[in-house]
Amino acid sequence: MKLDINGRTHEVDASPEMPLLWALRDLVGLTGTKFGCGAALCGACTVHLDGEATRACVTPLSAVAGRKITTIEGIAESALGKKVQAAWIAEDVPQCGYCQSGQIMSAVALLRSHPKPSDADIDSGMNGNLCRCGTYNRIRLAIHRAAES
Amino acid sequence: MYASRRTFLKTAGTAAGGLLIGLALPVRTRAATASVAADTAVNAYVRIATDGKVTLLVPKSEMGQGVYTGFAQILADELEVGLEHVTVEAAPVAAVYNATFAPMQFTGGSSSIAGSFEVLRKAGASARSMLIAAAATELGVPAGELHAANGAVVHAASGRQLSYGALAARAATLPAPTDAKPKPASEWRLIGKAVPRIDTRAKVNGSAGFGLDVRLPGMVYAVVARPSTFGATPLRYDAKAARAVRGVLEVREVPSGIAVIATNTWAATQGRAALRVEWQAGAGAELSSDRIAADYAARARTPGVVVYERGAASATATGHALEADYATPYLAHAPMEPLNCVVAFSAAGCDVYTGTQFQTVDRAAAAAVAGLAPEQVRLHTTLLGGGFGRRGNPASDWVREAVAVAKGYPQPVMTVWTREDDLHGGYYRPQAHNRLTAVLAADGLPASWSHTQVVQSLTRGTAFHAMMVNPKTGIEATQHEGASDLSYAIPNVRVAVHDAIQPVPVLWWRSVGHTHTSFAVESFVDECAAAAGQDPLAYRLALLADQPRHLAVLKLAAEKAGWGTPLPSGHARGIAVHASFGSVVAEVAEVSLVDGKPRVHRVVAAIHCGLVVNPGQVAYQVEGAVCFALSAALHGEITFVDGQVQQSNFGDYTPVRLTEMPRVEVHIVPSTDAPTGVGEPGTPPLAAAVTNALYALTGVRARRLPLSHVEFTKASA
């Protein structure tokens, strides 16, 4: 089947039940989207489907046909994506970095719907993304910074 | 996206005479690409290309603690190059990279900067000296007239200069000087500065290469069906349905279970789900956390093996007697990146790609399983998506298994653990019971203190045990650290351990034994203060009068937290202090109850860790440790019922989320002492700081973790 990823069409040979995460990582070779739980509990696999934050680990390929998929590798294509990455760098957010692709994808989706998010907006927009290193406070700062830039 | 990076595999002679094989990590990928052709190894830490690009080899694993940045700061400072001009690579496995205090290359014990600071300064100074010597020959002037600056050697008198790129080849042929002098502190440009991390860009655009991102030509994926209770072994299995799953290539038995190899991870997990395996139950079939807790509590009331004694704590003392029991559970490390390992056999031996903290040990283990000599195994250290101790295992469990899975398979195999595999896979922080008794003297301070613990050894059954166990007592220091090195000036102290034996694999977990001993000690000293009717801060200060580092961090944290100043109604503060890995950390937690549940609003920490290479990263490590410890204090536990682990994913093993993260402020005590540990010391004091605050708020003493088991009701005002 055909997948529209970051503006390019990729042909994958996979069963329609395969979660998008594994098609991205193992079939297409886009490894920026991370596996953390496989159950939509940690947010490491967050991608955008038609601009909306989606957990790729529980989204079957059958649900993404004809939809625009954006991954961390393509997020800099948008001005907002670039701004969020720049804010992440300015705040020196990552420690191990493993969860940060998902954090950034969630943050971009949040900022798209809430260009000037309150702390409460950040709470609800980002609470699904786990970080074991404890980068949450800088994530919050980076989102505010991106909103102000 | 590792496939293209394989082209960066390269070899170069080292000053130590060995062979360097570096796998470039995606930090400054372009620079690495540009410098492939003509890199010269000046020594084991420094490579310089003809175009002047400098590559620094870091033998420590980057798992979030910022070691690539810290090591680069030290080396680049001595080498007189800008951080923006260096590329960092994971060093290969070689004896030259062994720790100064252990015959192995590893990352742990908060020892990277503390243990390598002088080594790196000398390595940088030595390389600089060799470049200067090469320039002296080239320019025909005495070395004493030359100095290094901005990646070049300069002859100030004539205005001539030669770039490192032009000098590296000659420099590498020179003998390494034995007397190269590191720069004095007054000349440091990078050491001591809060420079941004050098790996951030790759971590915000998806290009950072973790173990799970390794991609080799023809690589296939495997998952392993392991028993659901510890010690069980496969009796027989039926793989017919598994083999019928689209994408499944092979099903094979390995020592740890039944492996399913497939063209992709999803197919492998589907194949595993279709497997029918009959297991022979083993020693762990009956495990019960409740039974362990009851057994440990009973044993803690019996004497145990004395590991430390001063005065006569066991003698009958008169005064106000206190006793308390503290219980802590098994904990999983649960790094965000589940375990994984790629193994590729070839005619030349075997390549292993994994995010490990234990290079030497894992390479030897891989070689043993592969039937090769260690030198025939090339271990490539990737970035680690969190470590916290799980990736430094004397048993090399996931590496051994991955080699067994791939052995004899014609293509490279990545063995992947799911989150459920990770949480069920053992190597936990051990469950523990700490029982304390004290007798207070007339001034309210403890005249005697007795601490008895029941806890497993961390290394029993591995080669490490013989090195770590005290032959006289049969006990490991990691079982009682944080208790037997009690800092409080109490005249009579007795610390004893019951060595528990359980069929549960255990391991160090960020701050090791201190994780449970600090909770017990810092809770109990708070209980003593309360019994004496004294302020918890003043009480600690009185008992630590001869411990300047403790005093410094306690006073700094208390001052910055506003200790003793009014708080909003329904809020309270608690304090704790603990020494570990050579450093001392004090933390003040501010808490309230929200819907009857503890909520931590703010943590103010102060750390004394000697000389600081990067204050930004030191602060961030303490902040991270607060989050890690808070996750455990609020929610963390691995429990057993009928041998089965009751937790399986982040739904029931729940780390702190963004909404639970307190504000964290970290203050560093200025010091020029030798650097001490940073990655772990922020962890131990947190739980007691929180429970002491909850006591101040509610009058309820939480003596069991996690706090989800403790009922709090706010004391009526």
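Trainee: Which residues in α3(A) meet α5(A)?

Mentor: In this predicted model, the α5(A) side of the contact consists of A:I139, A:I143, A:A146 and A:A147. By class, the contact of α3(A) with α5(A) holds 7 nonpolar residues, 1 polar and no charged. The residues that α3(A) brings to meet them are A:Q103, A:A107, A:L110 and A:L111.

Trainee: Are α3(A) and α5(A) parallel or oblique?

Mentor: The axes of α3(A) and α5(A) are 11 Å apart, and the helices pack at an angle of about 40°. Angles under 35 degrees would count as roughly parallel. The angle of about 40° therefore makes α3(A), relative to α5(A), oblique.

Trainee: Is the crossing of α3(A) and α5(A) left-handed or right-handed?

Mentor: The two helices pack with their axes 11 Å apart. Their crossing is right-handed.

Trainee: What is the order of the elements of chain A from the N terminus on?

Mentor: Chain A has 5 helices and 5 strands. Starting at the N terminus, they follow the order β-β-α-β-β-β-α-α-α-α.

Trainee: What is the radius of gyration of chain A?

Mentor: The C-alpha atoms of chain A fill a box of roughly 40 × 30 × 25 Å along the principal axes. For 149 residues the globule rule gives 15 Å, and chain A is close to that, so it is as compact as a globular protein of that length. Its radius of gyration is 15 Å.

Trainee: Which element gives the most to the side of domain 1 of chain A that touches domain 2 of chain A?

Mentor: The assignment for chain A gives domain 1 as 2-74 and domain 2 as 76-148, with C-alpha centres 20 Å apart. Between them, 18 residues of domain 1 of chain A are in contact with 13 residues of domain 2 of chain A. On the domain 1 side, the elements giving two or more residues are β3 (46-49) and β4 (52-55) of chain A. The one that gives the most, with 3 residues, is β3(A).

Trainee: How many polar residues are on that side of domain 1 of chain A?

Mentor: The side of domain 1 of chain A that touches domain 2 of chain A includes 6 nonpolar and 2 charged residues. Its polar residues number 10.

Trainee: Which elements give two or more residues to the side of chain A that touches chain B?

Mentor: In the contact between the chains, 44 residues of chain A meet 50 residues of chain B. The elements of chain A that give two or more residues to its side are α1 (20-28), α2 (79-90), α3 (100-113), α4 (119-126) and α5 (136-148).

Trainee: How many nonpolar residues are on the side of chain A that touches chain B?

Mentor: That side of chain A has 15 polar and 5 charged residues. The nonpolar residues number 24.

Trainee: How many residues of domain 2 of chain B are in contact with domain 1 of chain B?

Mentor: Chain B is assigned domain 1 (4-204), domain 2 (211-282 + 339-416) and domain 3 (289-330 + 429-709). The C-alpha centres of domain 1 and domain 2 of chain B lie 35 Å apart. Domain 1 of chain B brings 15 residues to the contact, and domain 2 of chain B brings 19.

Trainee: What radius of gyration does chain B have?

Mentor: Chain B comes to 17 helices and 31 strands, and its C-alpha atoms fill a box of roughly 80 × 75 × 50 Å along the principal axes. A compact globule of 717 residues would have a radius near 27 Å, and chain B agrees, at 27 Å.

Trainee: Which residues of α17(B) make the contact with α16(B)?

Mentor: Helix α16 (residues 615-634) of chain B packs against α17(B) at about 55°, with axes 8 Å apart, and the two are therefore oblique to each other. The crossing of α16(B) and α17(B) is right-handed. The contact has 7 nonpolar residues, no polar and no charged. From α16(B) come B:V626, B:A629, B:L630 and B:A633, and from α17(B) come B:L686, B:A687 and B:V690.

Trainee: Where does B:P706 lie?

Mentor: B:P706 is joined to B:L705 by a cis peptide bond, with omega about 0°. The place of B:P706 is the segment after α17 (684-698) of chain B.

Technical notes
Residues are numbered from 1 along each chain as its sequence is written. Chains are lettered from A and ligands numbered from 1 in the order in which they are written. This is a predicted model: local features need pLDDT of at least 70, side-chain atom pairs count only at pLDDT 80 or more; totals for chains, interfaces and linings use all residues. Domain bounds come from an automatic or database domain assignment. Two residues are in contact if their C-beta atoms, placed from the backbone, lie within 7 Å. Helices (H or I, at least four residues) and strands (E, at least two) are DSSP runs, numbered from the N terminus. Ala, Val, Leu, Ile, Met, Phe, Trp, Tyr, Cys and Pro count as nonpolar, Asp, Glu, Lys and Arg as charged, and the others, Gly among them, as polar. Axes are lines fitted to C-alpha atoms, for helices over the stretch in contact, and angles run from 0 to 180 degrees between N-to-C directions. Angles under 35 degrees count as roughly parallel, over 145 as roughly antiparallel, 65 to 115 as roughly perpendicular and the rest as oblique. A crossing is left-handed if the near helix is turned anticlockwise from the far one by less than a right angle, and right-handed if clockwise. The radius of gyration is taken over C-alpha atoms; the globule rule is 2.2 Å times the number of residues to the power 0.38.
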